[in-house]
Amino acid sequence: MIYKYDFLVIGAGVAGMSYALKVARAKKGRVCMICKTSLDEANTSFAQGGVASVTNLELDNFEKHIEDTMIAGDFISDRAAVEQVVKNAPAQIKELVEWGVNFDRKDNGDFDLHREGGHSEFRILHHADDTGAEIQRGLMKAVRDCPDIDIRENHFAVEIITQHHLGARVTRRTPYINCYGAYVLNPETEKVDTYLSKVTVMCTGGCGAVYQTTTNPVIATGDGEAMVYRAKGTVQDMEFVQFHPTALYHQGETHPAYLITEAMRGYGGILKLPNGETFMEKYDKRLSLAPRDIVARAIDKEMKIHGLDHVCLDVTHKNPEETRHHFPNIYQKCLSIGIDITTDYIPVRPAAHYMCGGIKVDLNGCSSIDRLYAVGECACTGLHGGNRLASNSLIEAVVYADAAARHSLEHIDLYDFNDKVPEWNDEGTMTNEEKVLITQSVKEVGEIMSNYVGIVRSDLRLKRAWDRLDMLYEETENLFKRVKASKDICELRNLINTAYLITRFAIERKECRGLHFTTDYPQHAYDK
């Protein structure tokens with residue numbers, strides 16, 4: 001089947017839904033959203049902490065937020081991107097509220113602001129401890145109520161379409177690569193359909209599933225980065241994988257591991273060893289509120305020194321009623337496994353959480369491929385640099401969704417559909433009956449990345465990861481050519497491609513910087 005849409009949005013988190021709503025409102029063409037699962041299962045819904053924005057002008061200002069972001073990013077963030085996000089954040093918060101998103105407020109009507117690690121002021125808007133789910137709820141209702149947006153749930157984008165599919169030779173030196181849409185797997189027919197578009201927007205979210213333990217859902221397989229890289233697009237900063245310091249440690253729960261929000265440390269939670277000793281004073285003067293890379297490495301080191309599976313987060317000194325009020329979902333989750341956080345320590349350990357790099361885009365969200373935008377976690381805007389400041393990701397997504405919507409609406413009339421694109425050809429392929437091979441390969445990718453490309457790296461570990469991934473890549477590509485496209489085999493390809501990119505970029509960075517910490521290059525390449 002061939003479908004035609006003016007705007008094709010691949011992904012359905014806060015970035016994808018925000019963009020779709022903005023372009024649909026302009027009434028300049030048909031909009032289609034491709035969602036690989038149901039609309040409510042995006043990474044957005046797993047975000048607990050909140051959204052960073054300067055709203056209390058008596059105590060806070062843009063320069064403070066900009067400086068906090070630059071410091072957290074180890075001074076390699078793109079300042080223009082930082083300024084764009086920070087200065088446009090309040091307007092986008094206003095629009096989220098207009099779309100029906102509820103943020104907690106004080107009795108006087110002002111936002112109830114939290115503070116998180118790396119922030120110099122209280123500027124985190126939240127909805128209890130399930131802010132992402134609230135944003136997802138508000139946007140989902142708005143999207144479903146919009147008659148100009150077609151939603152394709154449980155559909156899977158296999159590849160983006162470029163002139164390569166028309167027989168042209170495309171390399172990384174090709175000056176003008178154009179995107180004409182995407183090939184999309186329909187689960188009902190088990191066929192790959194052709195979706196032609198004037199503008200395509202990649203909003204596929206994160207890639208935490210390349211690691212054994214992650215706060216991301218199992219669907220976070222790096223699809224956008226992998227598809228764009230295969231299409232010879234530019235990716236950047238893939239070595240900067242953020243590990244959240246405090247995922248709940250509970251045996252068996254690894255995909256996803258339950259997140260203990262950073263707001264709990266902003267609330268006064270203290271990191272301790274199981275015996276009650278504190279340890280953050282050995283690593284940073286900001287103690288438990290140091291940036292995530294510092295806290296994650298400190299926990300990792302303490303676990304190795306003492307042979308522990310986890311450390312602990314202590315909020316037992318706080319008012320029990322206040323704790324239950326601020327963190328109702330965390331309270332209930334911990335209670336379900338026998339932990340009362342008002343009287344017991346919370347067992348925590350780091351888990352893969354967020355990709356700071358991704359598809360390289362400019363201030364308009366434009367990728368290196370013409371007519372292709374990227375927004376949200378799959379994009380590398382330059383905002384995060386070497387390390388993401390807590391709660392900057394959701395606001396980045398809506399600010400860049402707005403920028404991409406404005407830019408694409410200005411240019412949509414210049415584009416047309418390419419009717420010469422051939423349909424997907426799977427002649428000679430067979431139904432894949434080797435599910436066990438795919439399952440085992442997915443497991444191997446997780447083990448390789450966690451063991452060799454984790455919080456602490458070395459040249460030897462990275463070389464070992466590279467060699468193992470190369471073998472898996474060859475095996476998987478050979479299997480992909482023989483069998484009909486399925487979600488399982490496509491996700492495995494994307495996992496391996498994304499793992500390769502993380503490893504390659506880590507090998508190329510010959511310094512410790514931000515989230516990339518290697519034992520072979522212990523010093524910065526510059527003097528802070």
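Author: Let us begin with the core. A nonpolar core is a set of buried Ala, Val, Leu, Ile, Met, Phe, Trp, Tyr and Cys residues joined through side-chain atoms within 4.5 Å. Buried means under 20% relative accessible area, exposed over 50%, and partly exposed in between (1.4 Å probe, protein chains only). This is a predicted model, in which local features need pLDDT of at least 70, side-chain atom pairs count only at pLDDT 80 or more, and totals for chains, interfaces and linings use all residues. Residues are numbered from 1 along each chain as its sequence is written, and side-chain values use heavy atoms, with hydrogens and water left out.

Reader: Which residues touch the most other members of the largest nonpolar core?

Author: They are Tyr19, Met33, Phe103 and Ile149, in a core of 57 residues. Helix H10 (393-411) is one of the elements that supply at least two residues of this core, and its share, ten residues, is the largest. Helices (H or I, at least four residues) and strands (E, at least two) are DSSP runs, numbered from the N terminus.

Reader: What is Met33 in contact with, leaving aside its neighbours within four places in sequence?

Author: Contact means heavy atoms within 4.5 Å. Among the residues that Met33 contacts in this way are Val9, Leu39, Val143, Ile149 and Arg152.

Reader: Why is strand E10 described as largely enclosed by the rest of the structure?

Author: Eight of the eight residues of E10 (residues 241-248) are buried, so the strand is largely enclosed. As to pairing, two strands pair if DSSP finds at least two bridges between them. E10 runs antiparallel to strand E13 (residues 346-355), and six bridges join them.

Reader: How many disulfides are counted?

Author: A disulfide is a pair of cysteine sulfur atoms within 2.5 Å. The count here is zero. For Cys146, the closest cysteine sulfur is in Cys32, 13 Å away, which is too far for a bond. Cys512 is in no disulfide either, since the nearest cysteine sulfur, that of Cys356, is 16 Å away.

Reader: Is Ala91 buried, exposed or partly exposed?

Author: Ala91, in helix H3 (residues 79-98), is partly exposed, with a relative accessible area of 47%. Ala91 lies 308 residues from Val399 in sequence, while their C-alpha atoms are 8.8 Å apart in space.
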